[in-house]
Amino acid sequence: MTKPEIIKTNYLVIETAMAAYAVLEDTRLLIAVTLPDDHPFKDAERQMSKYCDDYGAGGMRRASWEMAALIESVWSGMTEDEKDGAICWDFEFVPEFMLYCLNFTDEDVVPVIKGVEKLRALYRTSRERCKAFVSKCQPSTRERDEFIQDCRDEAEKQWKYADLISDHPDEVQRAFEAKEKPAEFVKALGEELELIDFGPWS
């Protein structure tokens, strides 16, 4: 009996892929703390979450493996001070890099800009930007984010005005806490504001 072929690979890339998959899996929790609504990377967080929902576990595994080598190459060029404790690799660098430096599109995951050095610089400036950011909103949850997205979809469908939701955050929060249905809440809010009915609503 012949011995099976030994497949050589970089164990650092495997570990990075596992860390990336853990980040993507976290976005699928029904209730988990998410970024506040006014955070500069809130839209990026939503895109990542939508990608995970659209492509499921298989797509998440593929994306994790494909992005791992890029993540590792950017990390390997960080300074010794950064790698020696200033930035925690698995709990800070990997999830932050994915949020700051990758675009989760409807079809694929691609870097925001090309070039390892440019991505490393983007990561650093984005990290400092987030450190300096002071939110005027409370942290959110995945459940609340999904409610808001459903309301935006309904606002666009019913009133051709998706920003109706972002323009009235207090009403949205009240409706979420009251567990109202997005379609009914958006219809009532639009009628209260006397918006033009683009119906039919159902």
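**Notebook: kinked helix, contacts and salt bridges**

I began with helix α2 and found a kink of about 115° centred on Gly-56. The bend at a residue is taken as the angle between axes fitted to the seven residues ending there and the seven starting there. I note that the model is predicted: local features need pLDDT of at least 70, side-chain atom pairs count only at pLDDT 80 or more, and totals for chains, interfaces and linings use all residues. Residues are numbered from 1 along each chain as its sequence is written, and side-chain values use heavy atoms, with hydrogens and water left out.

**Entry 1: span of α2**

I looked up the end-to-end span of α2, which covers residues 42-76. Its end C-alpha atoms lie only 27 Å apart, whereas a straight helix of 35 residues would span 51 Å at 1.5 Å a residue. The expected span is 1.5 Å times one less than the number of residues.

**Entry 2: the chain as a whole**

I counted nine helices and four strands. Both are DSSP runs numbered from the N terminus (helices H or I, at least four residues; strands E, at least two). Along the sequence their order is α-β-α-α-α-β-β-α-β-α-α-α-α. The C-alpha atoms fill a box of roughly 70 × 50 × 30 Å along the principal axes.

I then recorded burial: 37% of the 202 residues are buried. Buried stands for under 20% relative accessible area, exposed for over 50%, and partly exposed for the range in between (1.4 Å probe, protein chains only). The chain exposes about 12,600 Å², of which carbon and sulfur atoms supply 55%. These areas come from the Shrake-Rupley method with a 1.4 Å probe, and for residues only the protein chains shown count as cover.

Of the contacts in the chain with a separation of 6 or more, 70% join residues 24 or more positions apart. A contact requires heavy atoms within 4.5 Å.

I examined Phe-147 in helix α6, residues 142-159. Phe-147 counts as buried because its relative accessibility is 9%. Leaving out residues up to four places away in sequence, Phe-147 touches Val-172, Ala-175, Phe-176, Glu-180 and Pro-182. I also checked Phe-147 against Arg-62: the two are 85 residues apart in sequence and 28 Å apart in space, C-alpha to C-alpha.

Glu-96 belongs to helix α4, residues 89-101. At 16% relative accessibility, Glu-96 is likewise classed as buried. Beyond its neighbours within four places in sequence, Glu-96 is in contact with Cys-101, Tyr-123 and Arg-127.

**Entry 3: salt bridges**

How many salt bridges does the structure hold? I find 20. The criterion is a side-chain nitrogen of Lys or Arg within 4 Å of a carboxyl oxygen of Asp or Glu. Side chains of opposite charge can pair when their charged atoms come close.

In α2, Asp-43 and Arg-46 are three residues apart, about one turn of the helix. Their side chains meet in a salt bridge at 3.0 Å, N to O. Arg-46 is partly exposed, at 25% relative accessible area.

In helix α3 (residues 80-86), Lys-83 and Glu-80 are separated by about one helical turn because they are three residues apart. The closest N and O atoms of this salt bridge are 3.7 Å apart. Glu-80 counts as exposed at 58% relative accessibility, whereas Lys-83 is partly exposed at 30%.

Arg-174 forms a salt bridge with Glu-180, with 2.6 Å between the closest N and O atoms.

**Entry 4: positive phi and a nonpolar patch**

I looked up backbone angles at two lysines. Lys-160 has a positive phi of about 55° although it is not a glycine; Lys-160 lies in the loop between α6 and α7 (164-167). Lys-179, also not a glycine, has a positive phi of about 60°. Lys-179 sits in the loop between α8 (169-177) and α9 (182-192) and counts as exposed, at 69% relative accessibility.

Last, I recorded a nonpolar surface patch of about 320 Å², made by Ile-14, Met-18 and Trp-65. Patches are made of residues with over 30% relative accessible area and no salt bridge; like charges are joined within 9 Å, and nonpolar side chains (Val, Leu, Ile, Met, Phe, Trp, Tyr) within 5 Å. Ile-14 lies in helix α1, residues 11-26, and is partly exposed at 33% relative accessible area.
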